[in-house]
Structure formats: C-alpha cells, structure tokens
Amino acid sequence: MRIDVVSIFPDYLAPLDLSLVGKARTGGLLDLRVHDLRDWTTDRHRTVDDTPFGGGAGMVMRPDVWGTALDSVLDDGAHLLVPTPSGAPLTQRTAERLAEEQHLVVACGRYEGIDARVAEHYRARPGVRVSEFSIGDYVLNGGEVAALVLVEAVARLLPGVVGNPESLVEESHGAAGLLEYPVYTKPPQWAGLDVPDVLLSGHHGRIARWRRDQALRRTAGRRPDLVAALDVAALDRADLAT
Ligand SMILES: CN1CCCC[C@@H]1Cn1ccc2ccc(-c3n[nH]c(N)c3C#N)cc21
C-alpha cells in the first residue's frame, strides 16, 4: 500500500518513522510519503492561504496550491482522504476498508480549512474517490493529528505489520464490535488488589467466556451506542471458537 500525506507541517508526521509503522515502512510493507504543501507554491513567500470570501475570521487554504499538489500525488484509483471536523466518523470498519486499498492520499488542512472546491473538483475526477472524515467530536488546529491516527489505524491492519494477526481479532471494536476486556499480568497481587481467579485457573473455555462477558459488560456500560451495532453472528463464532 502507498499512502501520501500532504501538509504544511510535514515534521508533524515524524512519529510515523517509529514503532510498527516505521518497521512497516523499512520492511517494504508500507510506502508512506510525506510532502510539504509549500513545495507546490510559486511565490517567494510560499503562500498557501488567503482571506475568506464572504468575510469572517482566519484564513482559508488556496485551491490552486492544493490542486497542483494533489495533481502531483494522486493517480487513478487513489482515494483522497480529507480530515475535517465535519467529516464522517473514522471507525474500525472504515480502517478495515481502507486497508484493502492500494493508494491513499491524505490532505491535511490548517487555518479555517481547505477551499471547498478542492474536494468538489476531485469528486468529479474519474477514478478518484474523495472522503472527508473526522477522528472525533472536538476541534483540532489542523488535520495532521487525524492523519497520524488514520495511518496507524490502517497500517496496523496490513498483512505482516502486527506480529500476531490473531490479536487483531480480539481487540476493541474488533470483529464483533465489542470493547476490549480488562487485562492483567504479574505480580498476582499488587496494591492489595488480586487478579480475577478465573484467569489463574488454566481453564481456557472459562477464561474465554469470562473475557467475552467482561467485554459485553464494558460495551453496554461505556458505549451503549455500540450495543445496537453488535455483530451477534461474530459473537457466536467467537463463542464456538472457545
Ligand atoms: C479550528 N479551525 C476552525 C474550525 C474548523 C477547523 C479548523 C482547524 N482545522 C483546519 C483543518 C482541519 C482538519 C481537521 C480538523 C479536526 N478537528 N477536529 C477533528 N476531529 C478534526 C479532524 N479530522 C481541524 C482542522
């Protein structure tokens, strides 16, 4: 998979050189390219923004600079992803679908955002899909943090990136849509607190059922909104596997 990220703060994406994503890049599992939007400016001040039509505070990112940049990195079949507070929520299902694709391009806006004609223009471009997404109901100063989130959420799903692929099945928002169960390790007693006896029993069937029960309780208690979307069939498959 190839992912291009375009930003006026390319150093914001430096964490993608680290850990699993960094290993995926050096191992050839992920072709990640980070670009400085200002490389596509033509004036001596390397201007990427201007005042908003209709007035109002702040500045808007220019469509011409973004157009030159995206024409340079987009190819047929690419998926243009634009982080914005007004975008569709980024979910695990979205990440799973994106991980199946060949080429993602993330356009990181700043200021008041990117001129709306940019997304409109590329939606009309045959062979290019455009998706505006949000990583949560809070306001950030730009799209770079969202790009970090998206790249990590997608990259970890690529074959060979995570050591034990089975771990991808059990985790939060996994196949059944449940939150993860509580985890414990040594020492068995800490701060006057014990590890649940079932986890020390060595009875794998009981442990699996306890974990699923804990996951269900957590999901119902913390995210009742997810309960309606639970994939019961996947839950049953998980049960059968125990
Ligand atoms: C503050 N400033 C004026 C109000 C509108 C947003 C703007 C800042 N800003 C510019 C580009 C840009 C892209 C994403 C986000 C963003 N915020 N919260 C999310 N979940 C986001 C995503 N994903 C914020 C951005």
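Two strands count as paired here if DSSP finds at least two bridges between them. Helices (H or I, at least four residues) and strands (E, at least two) are DSSP runs, numbered from the N terminus. The model is predicted, so local features need pLDDT of at least 70 and side-chain atom pairs count only at pLDDT 80 or more, while totals for chains, interfaces and linings use all residues. Residues are numbered from 1 along each chain as its sequence is written, and side-chain values use heavy atoms, with hydrogens and water left out.

**Whole chain**

Colour the chain by domain: domain 1 covers 2-155 and domain 2 covers 173-241, with bounds from an automatic or database domain assignment. The centres of domain 1 and domain 2, taken over C-alpha atoms, are 36 Å apart.

Of the 242 residues in the protein chain, 40% are buried (buried means under 20% relative accessible area, exposed over 50%, partly exposed in between, with a 1.4 Å probe and protein chains only). Contact means heavy atoms within 4.5 Å. Among contacts with a separation of 6 or more, 75% are between residues 24 or more positions apart.

**The sheet**

Next select β2, β1, β6, β5 and β7, which form an open sheet of 5 strands in that order, with parallel pairing. The edges are β2 (31-36) and β7 (129-134), each of which pairs on one side only. Neighbouring strands of this sheet are turned by 25 degrees against each other on average, direction ignored; axes are lines fitted to C-alpha atoms, for helices over the stretch in contact, and angles run from 0 to 180 degrees between N-to-C directions.

β1 (residues 2-7) pairs with β2 in the parallel sense over 6 bridges, and R2 stands opposite D31 in β2. Move to β6: 5 bridges join β1 to β6, again parallel, and V5 has V106 of β6 as its bridge partner. β5 and β6 pair over 3 bridges in the parallel sense. Here V106 in β6 is the bridge partner of L81.

How many of the residues of β6 are buried? The count is 5 of 5. Show the side chains to see both faces covered, with H103, V105 and A107 on one side and L104 and V106 on the other.

**Helix α2**

Select α2 (residues 63-73). This helix lies across β1, β2, β5 (79-89) and β6 (103-107), and runs at about 165 degrees to β1. The buried residues of α2 are V65, W66, G67, A69, L70 and V73. The elements covering them include β1, β2, β4 (60-61), β5, β6 and α4 (117-123).

**The cores**

A nonpolar core is a set of buried Ala, Val, Leu, Ile, Met, Phe, Trp, Tyr and Cys residues joined through side-chain atoms within 4.5 Å. The largest has 27 residues, and I3, V5, L30, L150 and V151 have the most contacts inside it. Two or more residues of this core come from each of β1, α1 (19-26), α3 (92-98), β6 and α5 (144-155). The largest share is from α5, with 7 residues.

Centre the view on L150. Apart from neighbours within four places in sequence, L150 is in contact with L81, L90, L98, L104, V106 and F133. A second, separate core has 22 residues, including V65, V73, V82 and V130.

**Backbone stops**

Most residues other than glycine have a negative phi, and most peptide bonds are trans. Go to S19 in helix α1, where phi is near 50 degrees, a positive value in a residue other than glycine. S19 is exposed, with a relative accessible area of 56%.

A191 sits in the loop between β8 and β9 (193-194), with a positive phi near 55 degrees. Its relative accessible area is 59%, so A191 is exposed.

Then select K186 and P187, which are joined by a cis peptide bond with omega about 0 degrees. P187 is in the loop between α6 (166-170) and β8 (189-190).

**Last stop**

Finish at A229, in the loop between α8 (224-227) and α9 (232-240). Is A229 buried or exposed? A229 is exposed, because its relative accessible area is 61%.
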